[in-house]
Amino acid sequence: MLFDAAGFEPLTDEPWDDERVRAAIRRIVADADAAFDPDGLWPAEEWDAWGSIPPLKDLYCGAAGVLWALDALARRGLAETGIDLAAAAERTLELWREAPDLALAEIELPAERESSLLCGEAGLLLVNWRLTRRGDLADRLLQRVRENRDNEFEELLWGSPGTLLAARTMHESTGQARWLEAWRESAEALMARRASDGLWTQQLYGKTHRLLGPAHGLVGIVHALLQVESEWSESLARETAEVLAREAIVEDGLATWPADAGGPLAPASGSGIRLQWCHGAPGMVATAAPYLDEELLLAGAELTWRAGAHREEKGSGLCHGTSGNGYALLKTFERTGDERWLERARSFAAHALGQAEAAPGRYSLFTGGVGVALFAAACLDADARFPVLDGWH
């Protein structure tokens, strides 16, 4: 068994309609506008708020992510927000410095926790800079990138792969050599810590792992390293494809991957088989699509399609919900050019929009409605770029 069918539901049979999708995106933005408080930002959903003092501020599930999504949707001409985004970003950074997210979490965080792109100050600085272009914010962000070079978490959320993405974004935006220099410093240190079997070891939350997925493991690291052309780019992609072929679990022409290299699909922790962006076939396909063996890519995408939409427990979002899974189908369309995969991705988007509207009030990039809106926008434009990982469009 490659996934637990009890966690999924059939996709909606509602046909794709561009105008209906655009209207749904506008409703999500209007809901975010209506819930916004200039002083207190957005209310926090219970799961998102774990270990933090609301309001939530970070890029992953806090205000910074919502502000960036609202800006991205406005730049695409899909919805207008009435929020002063620059002022809100400044307030978010102010509140984060008073009470950082996850400050109360009963888990071991890295010494460089403030440099995290998705959960620390680095993400807030990047969002704030994009909205204001203030030089002091760029200088502070560069400091965070360099502080994160030797972070032993070795993954995207907290570690140097996340700040590699930040440095790349800033170099593309400014053309300044200092960002490329900082990128190379972190990339070379990260490559030096790669094991001979092509994997990295994560010292994550007090435990040792050798993870495979985009959020915490191999393909997220490799994705960050491949964003700038380097002497190792070709061999890194080829050798990582070999690792993924070795680690794939294939049944009847369908494929997925365990969370830990060499581990079972259903870990002893009791968390069950995960088929989502952060662990399992959807995230592996969505992140490794440029170099993954095409037979495995199609097998992972087909499993994602057959599973259908996540039920209410995991919901509609990017990290572990319906929209995140849908990106695997969109990436498969990008890789193969087969329109069937775009149609399938749009079915996921239509379903995810319905889920988001049926359960409003979750203001978060990776777990809430604005992330769903970004996925729907990607399906409108047939644009497979995953938020944050593939750029800040």
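Is Glu302 buried or exposed? Glu302 counts as buried, because its relative accessibility is 16% and the cut-off for buried is under 20%. Keep in mind that this is a predicted model.

**Salt bridges**

- The structure has 32 salt bridges. As a general point, side chains of opposite charge can pair when their charged atoms come close.
- Glu302 pairs up with Arg306, with 3.0 Å from N to O. Both residues lie in helix H11, 4 residues apart, which is about one turn of the helix. In an α-helix there are 3.6 residues a turn, so residues three or four places apart point the same way.
- Glu9 reaches Arg311 in another salt bridge, where the closest N and O atoms are 3.8 Å apart. That one links distant parts of the chain: Glu9 belongs to strand E1 (residues 8–9), Arg311 to the loop between strand E6 (309–310) and H12, and they are 302 residues apart. Arg311 is partly exposed, given its relative accessible area of 38%.
- Arg144 and Glu121 also meet through their side chains, at 2.7 Å from N to O. Arg144 is in helix H5 (residues 135–147) and Glu121 in helix H4 (residues 121–132), so this pair ties together parts 23 residues apart in sequence. Both Arg144 and Glu121 are buried.
- Arg144 and Glu121 also belong to a salt-bridge network, together with Arg97, Glu114, Arg140 and Glu147.

**Nonpolar core**

- The largest nonpolar core holds 143 residues, and the ones with the most contacts inside it are Trp42, Leu225 and Phe366. Helix H14 supplies the largest share of this core, with 10 residues.
- Speaking generally, nonpolar side chains in soluble globular proteins tend to be buried together.
- What does Trp42 touch, leaving aside neighbours within four places in sequence? Its contacts are Ala32, Ala35, Phe36, Pro55, Ala63, Val66, Leu67, Leu70, Ile83 and Tyr363.

**Aromatic pairs and charges over rings**

- The count of aromatic pairs is 13. One of them joins Phe36 and Trp42 in a tilted arrangement, 4.8 Å centre to centre with 55 degrees between the planes. Both Phe36 and Trp42 are buried.
- Trp68 and Trp392 make an edge-to-face pair, with 5.3 Å between centres and 70 degrees between planes. This pair links distant parts of the chain, 324 residues apart: Trp68 is in helix H2 (residues 63–75), and Trp392 is in the segment after helix H14 (369–381). Trp68 and Trp392 are both buried.
- Phe366, one of the core residues with the most contacts, also shows up in a cluster linked by ring pairs, along with Tyr60, Trp277, Tyr327, Phe375 and Phe386.
- Two arginines sit over tryptophan rings here: the charged end of Arg133 is 4.1 Å from the ring centre of Trp129, and Arg344 lies over the face of Trp341 at 4.8 Å from the ring centre.

**Helix H10**

- Helix H10 (residues 281–288) is mostly covered, with 8 of its 8 residues buried. Those residues are Ala281, Pro282, Gly283, Met284, Val285, Ala286, Thr287 and Ala288.
- Which elements do the buried residues of H10 pack against? The partners are helix H8 (218–225), helix H9 (233–247), strand E5 (254–256), helix H11 (294–307) and helix H12 (322–336).

- Ser323 is part of helix H12, and it counts as buried because its relative accessibility is 0%.
- Beyond its neighbours within four places in sequence, Ser323 contacts Ser316, Gly317, Leu318, Ala352, Val372 and Phe375. Ser323 and Ala373 are 50 residues apart in sequence, with their C-alpha atoms 9.1 Å apart in space.
- Ser160 is in helix H6 (residues 160–174). Ser160 is buried too, since its relative accessible area is 0%.
- Not counting residues up to four places away in sequence, Ser160 touches Asn148, Arg149, Asn151, Glu155, Leu190 and Arg193.

Terms used. Residues numbered from 1 in each chain as written. Predicted model: local features only at pLDDT ≥ 70, side-chain atom pairs only at ≥ 80, totals over all residues. Heavy atoms only, no water. Buried < 20%, exposed > 50% of the residue type's maximum accessible area, 1.4 Å probe, protein only. Helix = DSSP H or I, 4+ residues; strand = E, 2+ residues; numbered from the N terminus. Contact = heavy atoms within 4.5 Å. Phe/Tyr/Trp six-rings, centres within 6.5 Å; stacked < 30°, edge-to-face > 60°. Lys NZ or Arg CZ within 6 Å of the ring centre and 35° of its normal. Core = buried A, V, L, I, M, F, W, Y, C linked by side-chain atoms within 4.5 Å. Salt bridge = Lys/Arg side-chain N within 4 Å of Asp/Glu carboxyl O.
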